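This briefing is meant to be read with the sequence and the 3D view open side by side. Please keep both at hand while working through the points.

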Amino acid sequence: MSSLKLVIISGPDAGRSFALEDGAALTVGRGQDTNAQLTDPHCSRQHFQLQVAEDKILLKDLGSSSGTHVNGSPASETRVGPGDVIQIGQTQLRIEGPGMAEHTVAAQAPPAAAGGGAALVGTQIHHYEITRVLSQGSTSVVLHARDSEKNRDVALKVLLPELATDEEEMQRFIRAMKTMHPIRHPNIIRIYNAGKTNDHVWVAMEYVDGESVAAMIERIGTVGMLDWRDAFRICVHIARALNEAFEHKIIHRNITPENILVRTEDKVAKLGDMMLAKALEGTKVEQITQPGQLIGPIPFMPPERTLGSSDVDCRADIYSLGATVYALLTGRPPVEGGNLPELIMKIRDETPQRPKDFQLAIDDMFEGVVLRMLEKRPEERFQEPADLVKELERIAQFQNLKT
């Protein structure tokens, strides 16, 4: 049982994991008195507990306000095991252990709590017929839908009600849509349309038939390391996307493995949530998440964002891309482990282990690029995405790599 772990597969803390030790209890929630502390504001301070004993794991809800769901069904006290998906608030967690079958994040998305994405399956918003939930996050749900007018599949992102009822936020959303809608770039997920239908504020986007980088990183842990050349291509593609965004004066602020999709047919990597990164900058987000609360998966967050400052620039995006590529090369983020305060201190102070310690075949120049992206001080990183793209293309030419 010592090789079991609880992995966060979607939500604000996606990518973090906690060991499940025999004879020990793991308490999950927002409170500092938990040993698996989350940042999801929709979770209770002490939400649920996993008790590990010999050959079984017992889950017990600790009187949470929104309940605990296991594989889509409410659970107050039940036995769980490898492969089971637990949903609390806007966070999905999965128990993993040796011998598990491979899963992707999208395939494991369970029905959300009442009023969440599952309630929209089988309904229609505008001319989009919703077929299934793809993922659920802290600010929105992403649904697979069919565009009945254009006869094509789309990914339909629907904002949570808290963000959809404020007029100031709506005007900010509209301005962002006007900014992002014209952008066409092969490495940015295209936005087709956006609007408000009844109580639902939505964005219709290009549907990418592939897998998230988060799923790729997860798979690394079971089938071995990803060839560094594949990680290199993803890095080049998303660096080009960041450069395009930078030229439009847009900072993403939430580059994570969840937000990068790799298309199956041609291995093209695409960056998502560009528009919502621009749109969700208003006071309503701050009110929902509470002052000083961190938004996004912590292990991929640049040091300057852990200081609570909103004054970040493109160098923060470069760091987060570096952290994502590092995880592709090594199977783990640059820093990990410990409770939330310990993790934040590691992000600020701990030098990441060299990727070549995990995978000797990695090109020296590429390793140097990744480590420079992860410098603690923004002024020591690449100063603009164009600088990063130029260096990556130089390596590609030197190594005769197609990008």
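The notes below cover aromatic pairs, nonpolar cores, a sheet and salt bridges.

This is a predicted model, in which local features need pLDDT of at least 70 and side-chain atom pairs count only at pLDDT 80 or more, while totals for chains, interfaces and linings use all residues. Residues are numbered from 1 along each chain as its sequence is written, and side-chain values use heavy atoms, with hydrogens and water left out.

**Aromatic rings**

- The structure holds four aromatic pairs, a pair being rings of Phe, Tyr or Trp (its six-membered ring) with centres within 6.5 Å, called stacked if the planes are under 30 degrees apart, edge-to-face if over 60 and tilted otherwise.
- Trp228 and Phe366 make a tilted pair, because their ring centres are 5.9 Å apart and their planes stand at 35°.
- Since Trp228 belongs to helix α4 (residues 228-247) and Phe366 to helix α9 (residues 364-373), this pair ties together parts that are 138 residues apart in sequence; helices (H or I, at least four residues) and strands (E, at least two) are DSSP runs numbered from the N terminus.
- Trp228 is buried at a relative accessible area of 3% and Phe366 is buried at 0%, where buried means under 20% relative accessible area, exposed over 50% and partly exposed in between (1.4 Å probe, protein chains only).
- Phe232 and Phe366 form an edge-to-face pair, with 5.1 Å from centre to centre and 80° between the planes, and Trp228, Phe232 and Phe366 form one aromatic cluster.

**Nonpolar cores**

- A nonpolar core is a set of buried Ala, Val, Leu, Ile, Met, Phe, Trp, Tyr and Cys residues joined through side-chain atoms within 4.5 Å.
- The largest such core has 72 residues, and those that touch the most other members include Phe232, Ile234 and Phe366.
- Helix α4 gives the largest share of this core, eleven residues.
- Apart from this core lies another, of 22 residues, among them Phe18, Ala36, Leu50 and Ile86.

- Five strands form an open sheet of mixed pairing in the order β4-β3-β5-β6-β9, two strands being paired if DSSP finds at least two bridges between them.
- Strands β4 (36-37) and β9 (77-80) stand at the edges with a single partner strand each, so one side of each is left without a neighbour in the sheet.
- Strand β3 (residues 25-29) runs parallel to β4 and is joined to β4 by two bridges, with Ala36 in β4 as the bridge partner of Val28.
- His47, in the loop between β4 and β5 (48-53), is buried with a relative accessible area of 0%.
- Leaving aside neighbours within four places in sequence, His47 is in contact (heavy atoms within 4.5 Å) with residues including Val28, Asp61 and Ile88.

**Salt bridges**

- There are 19 salt bridges in the structure, each a side-chain nitrogen of Lys or Arg within 4 Å of a carboxyl oxygen of Asp or Glu.
- Arg240 and Glu393 form one of them, their closest N and O atoms being 3.2 Å apart; because Arg240 lies in helix α4 and Glu393 in helix α10 (residues 385-399), the pair ties together parts that are 153 residues apart in sequence.
- Glu304 forms a salt bridge with Arg381, with the closest N and O atoms 2.8 Å apart, and both Glu304 and Arg381 are buried.
- Glu206, Arg263, Glu265, Asp266 and Lys270 are linked in a network of salt bridges.
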